[in-house]
Amino acid sequence: MIRSILAAAGALALAVSLAACSTPSGSSTDPGANAGASVVVTAETVIVDVRTPDEYADGHLEGAELLDLTGGDFAAALPSLDPNAEYVVYCRSGNRSGQAVAMMEDAGFTNVTNLGSLSEAADATGITVVR
């Protein structure tokens, strides 16, 4: 099923065909840009949690990699990440994930989506929150 999808404010509508599901394409630093949208996460998609270790321990998306933005882990790991891979990023409210996505875009990453908060990320992806 092909559906038009807006990736971010001012972005072009894109048509995507993938397992009869809809997914935002491209990137977005706006934490609310993907609210209510379904995001298809494949085995190749890298799920990044940019919260603190304590927040992560309280619950995170299954399979998410913790790269604490405020603790410096994210900035330290950024040069070693594959800029051609697909990333979905979330945090507590969407603020830190928006900052992380902006850093990734500045570094040349093109397939990055800000999922917003943990609950928005779980809703958008259908991935279970685990502890």
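Mentor: Arginine 96 is buried, at a relative accessible area of 13%; buried stands for under 20%, exposed for over 50%, and partly exposed for what lies in between, with a 1.4 Å probe and protein chains only. This is a predicted model, where local features need pLDDT of at least 70, side-chain atom pairs count only at pLDDT 80 or more, and totals for chains, interfaces and linings use all residues. Residues are numbered from 1 along each chain as its sequence is written, and side-chain values use heavy atoms, with hydrogens and water left out.

The side chain of arginine 96 meets that of glutamate 55 in a salt bridge, 2.9 Å from N to O. Here a salt bridge is a side-chain nitrogen of Lys or Arg within 4 Å of a carboxyl oxygen of Asp or Glu. This pair links distant parts of the chain, 41 residues apart, with arginine 96 in helix H3 and glutamate 55 in helix H1. Helices (H or I, at least four residues) and strands (E, at least two) are DSSP runs, numbered from the N terminus. Salt bridges with shared partners join Glu55, Arg92 and Arg96 into one network.

Glutamate 55 also forms a salt bridge with arginine 92, at 3.6 Å from N to O. Arginine 92 sits in the loop between E6 and H3, and glutamate 55 in helix H1, so this pair ties together parts that are 37 residues apart in sequence. Arginine 92 is exposed, at 59% relative accessible area, whereas glutamate 55 counts as buried at 17%.

The whole structure has 3 salt bridges. One of them joins aspartate 49 to arginine 51, with the closest N and O atoms 2.7 Å apart. Both aspartate 49 and arginine 51 are buried.

H3 covers residues 95–106, and at 1.5 Å a residue its 12 residues should span 16 Å; the expected span is 1.5 Å times one less than the number of residues. The end C-alpha atoms of H3 are 17 Å apart, which agrees. The buried residues of H3 are Arg96, Ser97, Gly98, Ala100, Val101 and Met104. An α-helix has 3.6 residues a turn, so residues three or four places apart point the same way.

The cover over the buried residues of H3 includes helix H1 (53–58), helix H2 (73–77), strand E6 (87–91) and strand E7 (112–117). After H3 comes glycine 108, with a positive phi near 100 degrees.

Two of the covering elements pair with each other: E6 and E7 run parallel and are joined by 5 bridges, where pairing requires that DSSP find at least two bridges between the strands. Valine 88 has threonine 113 in E7 as its bridge partner. In E7, 6 of the 6 residues are buried, so this strand is largely enclosed by the rest of the structure.

As for the chain around this part, it has 4 helices and 8 strands, in the order β-β-β-α-β-β-α-β-α-β-α-β. Of its 131 residues, 43% are buried. The average pLDDT, the predictor's confidence in each residue from 0 to 100, is 80 for the chain, and 73% of the residues score at least 70. Residues 1–27 stay under 50, and the model gives them 55 contacts beyond four places in sequence; a contact means heavy atoms within 4.5 Å. Where pLDDT is low, the predicted coordinates should not be read in detail.
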